[in-house]
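Student: I want to go through this structure term by term. Please set each label against its definition.

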Amino acid sequence: MGAFETATARRSLLKGLGALAVGTSLPAKAQQLLADPGIELHPLPRVVSKGAWSDLARAMTGDLVLPNDAYFGNYSQVNNLSYSQRPAAIARCVTDADVSACLKWAHNTNTPFAVRSGGHNYAGFSTTSGLLIDMSPMAKIKADGDRVIIGGGAINVAVYRALERMGRTITHGRCEGVGAAGFLLGGGIGFNMRLYGIGSDLLRSTDLMLASGEKVTASATEHAKLLWACQGGGGGNFGVNTSFTLQTFPVSTVTVFILTWSKNQERVLYDLLHRLQEAPPGFGCKISVTPPTPQQRAQGDDIVISVMGQAHQGTPPLKELFGTLLEQADPKRTIEIDMPYWEAQDILAEEALPYFYREQSVFLKTENLTEKAVADMIATARAMPGTSLPSSFKFFQVGGEVNKLKPTDTAFVHRGFDWLFSSEVNWWELRDPPSLVSDNLVWQQQFYDKVRRLTPSGGAYQNFPDPALKDWQSAYYAENYRDLQKVKVEVDPGSLFTFAQAIKPA
Ligand SMILES: Cc1cc2nc3c(=O)[nH]c(=O)nc-3n(C[C@H](O)[C@H](O)[C@H](O)COP(=O)(O)OP(=O)(O)OC[C@H]3O[C@@H](n4cnc5c(N)ncnc54)[C@H](O)[C@@H]3O)c2cc1C
């Protein structure tokens, strides 16, 4: 969004038009849960002259793609269809100078813009009706000794292949299409985090194009506070990151496992959360609790609990870590294999096709997950109305190296917790009627409000943004928000970079 229009004027325009592009077929209550109507989510479309687009096209080495061009649809695709929005044009940046040209042009023409790498933001923060600054062509990855330099537009799968060639790894996620930029800037959790820290803890330097069009390198020795802000301060706040340099670690063999239970859910979930808490840092896992869809329920199915993850060499055998839970797991659905690290990642990887979803998260401490609290979660899951798509609530195991840093050491404040809880509702607009989607979103909100009360200091993960979160500044950043605001003043005092939950200058 250009710097010249006031937020108030834009808001009243939006309200006047009753214009929220998000989930407009949904009842009002559900729309509010997807986006707070008091906050501008999608800047208003405005007319940009053909001449102005030509000026930008001529200033760039990469292509400027307009709606009637081939592949426009492919390039504008986002992962969460609740926030699909057609940009006026897509700038396919291939050089730093292209990014700089886009920023200057957007400022001079007062055209709203958004920066996108992998397009997997949960809440539509990389969508715009104006200029989409598409970083995906800037995806080169190269080894630099025991470090890796990742282009600002690279997606996970390319990072995996490059690291595999190096025989090394970082803390990475499982979804192949997620952009490295969004992943790292918002924190970056993955099965390796208990051993190495979260992805952004491994960030040693990053190049950025600032609102002024200037290029800077942020590292421990130059612009150190900007590096700090890029370690969990969230994408799209401080500039366009064109490369990331990270510490890497050698890989060997891991035990990859997937275990499933469909009986005694309360007991199993409680025991998993409390037993696995004791596991050493070489062990990383995610517990998923999946209620049946209405169709599955009609066939007599109940909640399924599963654990997937990996154990690095030197970790005690699964028999020891899971105890009797291992014998109780469904043998037909058990996977436990020792294999080379990168082959194991092929088993753990997921590629989520675009669909409609909403996710809400909070960090939890095991001590708050009492038998009563866990039983209540299972009872609430049984009461989920459900849609045609399965939805889960999940516990990502944190701890280990994640908690070795202090909350203020990087912008990622969430240290000292044991689990990241995240509840999702997935749906498909063509199959699930708006009233059913609405019932599910309301159910999800009530569930989330209850779980949040278990660990009131648990905040929320900024990489799983929730547009309905009223206290997002404290939930995502807590005591770090003020310092993030100071960095914002230094690099973008006019808030050229903005979106519904953007950091505001102090
Ligand atoms: C299926 C799925 C699986 C996921 N798995 C994990 C996981 O395992 N671990 C985890 O931590 N998170 C995970 N996430 C969350 C994910 O890390 C965040 O949504 C992340 O922000 C997505 O990054 P992106 O580049 O794909 O998204 P985008 O939508 O392209 O960008 C996300 C944000 O970063 C900004 N941005 C993008 N590129 C740049 C850039 N080059 N410079 C500056 N700002 C930029 C955008 O403007 C936007 O605000 C997952 C998300 C999905 C949908």
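Tutor: Start with pairing: two strands pair if DSSP finds at least two bridges between them. Strands (E, at least two residues) and helices (H or I, at least four) are DSSP runs, numbered from the N terminus. The model is predicted: local features need pLDDT of at least 70, side-chain atom pairs count only at pLDDT 80 or more, and totals for chains, interfaces and linings use all residues. Residues are numbered from 1 along each chain as its sequence is written, and side-chain values use heavy atoms, without hydrogens and water.

Student: What makes strand 1 and strand 2 a pair?

Tutor: Two bridges join strand 1 to strand 2 (residues 89-92), in the antiparallel sense. The definition asks for at least two bridges, so the pair qualifies. V65 stands opposite I90 in strand 2.

Student: Why are strand 1 and strand 3 said to stand at the edges?

Tutor: Their sheet is open, with four strands in the order 1-2-4-3 and mixed pairing. Strand 1 (64-65) and strand 3 (113-116) each have a single partner strand, so one side of each has no neighbour in the sheet.

Student: How do you know how strand 16 and strand 18 are paired?

Tutor: Nine bridges join strand 16 to strand 18 (residues 419-427), and the two run antiparallel. E359 stands opposite E424 in strand 18. Both strands belong to an open sheet of seven strands, in the order 15-12-14-13-17-18-16. Strand 15 (335-340) and strand 16 (356-364) stand at its edges, each with a single partner strand, so one side of each is left without a neighbour in the sheet.

Student: What is the area buried between domain 1 and domain 2?

Tutor: Buried area is the accessible area (1.4 Å probe) that two parts lose on being put together, summed over both. Here that is about 940 Å², with 69% from carbon and sulfur atoms. In domain 1, D96, S117 and H120 lose the most area to domain 2, together 47% of what that side buries.
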